[in-house]
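Have a go at each task before reading its solution.

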Amino acid sequence: MEAHQHSPDSSSEECTVLEAPPGKNTCPQHAGKVAEMYCSACECALCEDCMSDHEEHPKVPLSQALEQHRSSLQERLGIVQNRLPQISDALSFVKEILQQLSNQRTSIEEDIQSSFEDLHKQLDVRKSVLLMELEIFWDSLIRGEGDITATCTQTEEALAGEACVASLQAERELAERLAELAGLGLPCQPEENDQLDLVMETDGLRKSIHNLGTIVTTSAVASQSEAMGAGLEQCIVGHPASVTIVTRDKSGGACKSGNAILSAEVFTPDGSIVDGEIVDHKNGTYEFVYTVPKEGNFALALRLYDQHIKGSPFKLTGAKRRGKSPGQKKKGSKRASSALGTPRRKTQNPIEDDLIFRIGTKGRNKGEFTNLQGVAASSTGRILIADSNNQCVQIFSNEGEFKSRFGVRGRSPGQLQRPTGVAVHPSGDIIIADYDNKWVSIFSCEGKFKAKLGSGRLMGPKGVSVDQNGHVIVVDNKACTVFIFQLTGKLITKFGSRGNGDKQFAGPHFAAVNKNNEIIVTDFHNHSVKVFTPEGELVLKFGSNGEGNGQFNAPTGVAVDVNGNIIVADWGNSRIQVQYGSFLSYINTSADPLYGPQGLALTSDGHVVVADSGNHCFKVYRYLQ
């Protein structure tokens with residue numbers, strides 16, 4: 001074996017220079033040289049030959065610089081990955097909006113087609129009318145000559161034939177007709193002129209057609225739009241108050257056109273809504289004028305495309321106009337209870353149950369809610385929430401784990417516009433009261449649409465339940481009536497009307513059914529709970545307006561346990577009461593106070609679940625039966 005020899009030209013100095021393996025820490029300026037340092041100022045790797053050019057620059061070992069760069073890169077990667085769920089949710093929201101726009105586009109296309117088809121039909125009808133008028137006019141001109149000529153021709157044909165008994169009657173009729181014609185005083189000069197024209201004023205119609213129809217849209221978004229004016233804080237009882245709404249685009253720029261879909265609602269302490277009027281100034285600004293009927297605390301909700309604008313809902317104070325009197329002392333007033341205030345803690349005879357968990361925040365994503373209302377619990381361990389302003393139903397396990405959601409906003413069968421009530425049929429079907437669509441939708445347990453019922457009968461279905469026979473109980477908030485349907489949609493019976501009588505309602509909300517198949521209804525504005533037979537006969541009524549034991553300030557959700565105890569969500573007092581004709585106790589909610597509770601149900605494992613609408617979540621409490 002030959003010994004390794006150096007090249008004759010090699011020197012000992014050259015042999016000591018380190019050469020980097022190809023592609024690893026190689027100096028970018030000097031091929032084959034190892035980069036061991038890093039210039040922080042120039043952000044480049046340095047070998048020995050580079051050092052002289054960077055003597056005064058700050059330098060660190062290359063390994064340290066690489067480690068720092070990797071660490072920084074890893075940190076940035078983590079930041080971006082943490083944002084991925086938000087971006088994904090945002091994309092989902094955008095896809096929902098795109099789907100809604102696509103549905104609206106399809107609807108508009110259909111409207112355009114049908115509108116122009118109708119106009120086409122109207123034009124065809126008008127064309128037929130004009131042609132008919134022309135024909136009638138022409139017939140009137142030539143009718144005299146035609147009658148004489150035709151009668152003469154018929155007579156000549158009769159005379160040319162053989163005389164017989166059979167032709168005698170016909171000839172007698174021709175003779176009478178000829179006598180009439182001979183006796184006519186026909187003028188020898190024409191009584192008509194030769195003018196026959198068509199006047200068709202099409203210029204105005206063409207201009208109207210040119211401007212017919214407008215595709216309306218706006219760049220206004222709720223998150224940037226704002227309200228201003230004295231009516232946002234205080235209002236005088238009986239006097240109009242005004243609020244100005246300025247719509248803005250996504251960049252905060254003021255919109256210059258109107259036609260945005262804006263809604264305004266003023267909620268009174270008892271849960272009713274104050275009437276008001278929205279004026280579109282057609283320049284991107286709107287004015288809402290309202291008048292409060294009495295003193296108290298109110299809430300003003302301003303929504304643009306079903307989304308609250310900046311600061312909404314606003315807290316208002318209604319006060320009487322007071323004059324100053326010398327020496328007059330200001331009397332103290334008792335603060336009215338309101339779902340918008342923090343409830344006072346009830347300590348008398350509470351059930352010592354604890355909050356198990358709460359689920360939800362305000363939003364449009366999974367596990368987030370906007371004005372959740374109805375609640376149902378299935379025998380299979382599921383909790384169903386009617387997420388009203390998000391136009392969907394969300395489903396969770398009894399432990400609060402999100403399972404699924406379904407619902408597409410719209411006004412066609414199978415779509416949801418404002419779901420307020422939800423129930424589960426023994427068959428597993430999910431029954432949803434759609435307040436704005438004025439019908440009840442039936443979906444499979446997987447969320448597939450099956451049918452609707454009550455269309456044309458219902459005015460504002462709020463709550464739904466199912467009785468022992470599998471019939472669907474519908475509480476119509478607007479009609480103040482309880483309807484009972486078969487699952488096929490056939491109406492079995494109905495009872496109730498507007499009023500404050502025993503068999504009347506004032507804004508009823510939800511219903512439950514006990515083991516006797518009796519229907520329990522919360523009568524919101526009458527501050528009471530009523531129990532009826534399936535035929536609508538009153539069995540029991542309890543409750544009055546107030547804050548005491550057994551009193552209500554607008555009851556909403558209701559459920560019944562296996563012992564027949566009735567559990568009621570007391571909306572205005574922000575609490576849950578348990579009653580059996582008379583007051584029994586409270587559910588202890590003081591650890592995490594409720595804020596305007598709505599729907600309520602008992603889970604399959606015996607807990608109380610309630611829609612805490614004001615806090616945009618639902619809560620589950622232990623319940624000792």
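**Exercise 1. Locate Thr26 and decide whether Thr26 is buried or exposed, or in between.**

Step 1: Thr26 lies in the loop between α1 (12-15) and β1 (37-39), where helices (H or I, at least four residues) and strands (E, at least two) are DSSP runs numbered from the N terminus.
Step 2: Buried means under 20% relative accessible area, exposed over 50%, and partly exposed in between (1.4 Å probe, protein chains only).
Step 3: Thr26 has 30% relative accessibility, so it counts as partly exposed.
Step 4: Thr26 and Ala45 are 19 residues apart in sequence, and their C-alpha atoms are 8.6 Å apart in space.

A note on conventions: this is a predicted model, in which local features need pLDDT of at least 70 and side-chain atom pairs count only at pLDDT 80 or more, while totals for chains, interfaces and linings use all residues. Residues are numbered from 1 along each chain as its sequence is written, and side-chain values use heavy atoms, with hydrogens and water left out.

**Exercise 2. Find which residues touch the most other members of the largest nonpolar core, and which elements supply it.**

Step 1: A nonpolar core is a set of buried Ala, Val, Leu, Ile, Met, Phe, Trp, Tyr and Cys residues joined through side-chain atoms within 4.5 Å.
Step 2: The largest one has 26 residues, and those touching the most other members are Ala227, Val243, Ile245, Val266, Tyr290, Leu300 and Leu302.
Step 3: Two or more residues each come from β4 (221-228), β6 (241-248), β7 (262-267), β10 (285-290), β11 (296-304) and β13 (314-319).
Step 4: β11 gives the largest share, four residues.
Step 5: Beyond four places in sequence, the contacts of Val266 (heavy atoms within 4.5 Å) include Phe288, Tyr290, Leu300 and Leu316.

**Exercise 3. Trace the surroundings of Ile359.**

Step 1: Ile359 belongs to strand β15 (residues 355-359).
Step 2: Although Ile359 and Phe618 are 259 residues apart along the chain, their C-alpha atoms are separated by 5.5 Å.
Step 3: Leaving aside neighbours within four places in sequence, Ile359 contacts Phe369, Phe396, Gly400, Cys617 and Phe618.
Step 4: Ring pairs (Phe, Tyr or six-membered Trp rings with centres within 6.5 Å; planes under 30 degrees apart stacked, over 60 edge-to-face, the rest tilted) join Phe369, Phe396, Phe402 and Phe618 into a cluster.

**Exercise 4. Describe the backbone at Pro313, Tyr305 and Lys438.**

Step 1: The peptide bond from Ser312 to Pro313 is cis, with omega near 0°, and Pro313 sits in the loop between β12 (307-308) and β13.
Step 2: Tyr305, in the loop between β11 and β12, has a positive phi near 55°.
Step 3: Lys438 also has a positive phi, near 60°, and is found in the loop between β21 (430-434) and β22 (439-443).
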